[in-house]
Amino acid sequence: MELVVARIGRAHGIKGEVTVEVRTDEPELRLSPGAVLKTEPATAGPLTIETGRVHSGRLLLRFAGVKDRTGAEALRNILLIAEVDPSELPEEEDEYYDHQLMDLDVVLADGTEIGRITEISHLPSQDLFIVERPDGSEVMIPFVEEIVAEIDLEEQRCVITPPPGLIDERDAVIVSTRDEDAADSGDDA
């Protein structure tokens, strides 16, 4: 099975290094020197990692055969894909690969069906489950401990405890002091 592990960013320096946007929790395993990665688009690869280092909090990679800035710039926005054994599990107990979470049924703690995970969006602040509702609409569920109560891979379900308004906007609680401020200023007149 194939997993996207990074996206190549801009060139760094003049010796062929590139920045990468890491999309794996195990970069030391997937993005180490000697790793051979497929690419999207496929015509750009495969690419073999020659060196890797962290500079100012960003991972920099150099690929075999890419020796200058021009070659590095040509790789910008290419996705790096690792071949992973489908039975392989992440090292940490509370971590999951995207393929494990796809198509899980999403339910509330009382068993109410919400939908099915159709996509996982990896944002800088957190990951989001894109859940297709039975009516065809979609809802985004933040993959955070406060909302995702349980992932049961055997039962193929994800139990959530959403705050009011996340699933159904009619349940939203709007908290604003603007109305109180306007009322207060009107009383003083």
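**Figure 1. Lining of the second largest pocket in the predicted model.** Six nonpolar, no polar and three charged residues line the second largest pocket of this predicted model. Its volume is about 200 Å³. Asp 94 and Tyr 96 belong to the lining. So do Phe 143, Val 144 and Glu 145. Val 148, Ala 149, Glu 150 and Ile 151 complete the set.

**Figure 2. The largest pocket and its centre.** The largest pocket holds about 750 Å³ of space. Its lining counts 25 residues. Which residues lie nearest its centre? They are Arg 23, Thr 24, Asp 25, His 122 and Asp 127.

**Figure 3. Elements around the largest pocket.** Five elements are shown. Strand 1 (2-12), strand 2 (17-22), helix 3 (98-101), strand 8 (113-122) and strand 9 (127-132) each give two or more residues to the lining of the largest pocket. Strand 1 supplies the largest share, three residues.

**Figure 4. Residue classes in the lining of the largest pocket.** Nonpolar residues number 14 in this lining. Among the residues nearest the centre of the largest pocket are Arg 23 and Asp 25.

Figure 5. Four helices and 12 strands make up the secondary-structure elements of the chain. Of its 189 residues, 31% are buried. Among contacts with a separation of 6 or more, 46% join residues 24 or more positions apart. The chain exposes about 11,800 Å². Carbon and sulfur atoms supply 48% of that area.

How values were computed. Residues are numbered from 1 along each chain as its sequence is written. This is a predicted model: local features need pLDDT of at least 70, side-chain atom pairs count only at pLDDT 80 or more; totals for chains, interfaces and linings use all residues. Side-chain values use heavy atoms; hydrogens and water are left out. On a 1 Å grid over the protein atoms alone, a cavity is a set of points where a 1.4 Å probe fits but cannot get out, and a pocket is an open set with protein on both sides within 12 Å along at least five of seven lines; lining residues have an atom within 4 Å of a point. Grid points are joined across faces, edges and corners, and a volume is the space filled by probe spheres set on the points. Ala, Val, Leu, Ile, Met, Phe, Trp, Tyr, Cys and Pro count as nonpolar, Asp, Glu, Lys and Arg as charged, and the others, Gly among them, as polar. Buried means under 20% relative accessible area, exposed over 50%, partly exposed in between (1.4 Å probe, protein chains only). Contact means heavy atoms within 4.5 Å. Accessible areas come from the Shrake-Rupley method with a 1.4 Å probe; for residues, only the protein chains shown count as cover.
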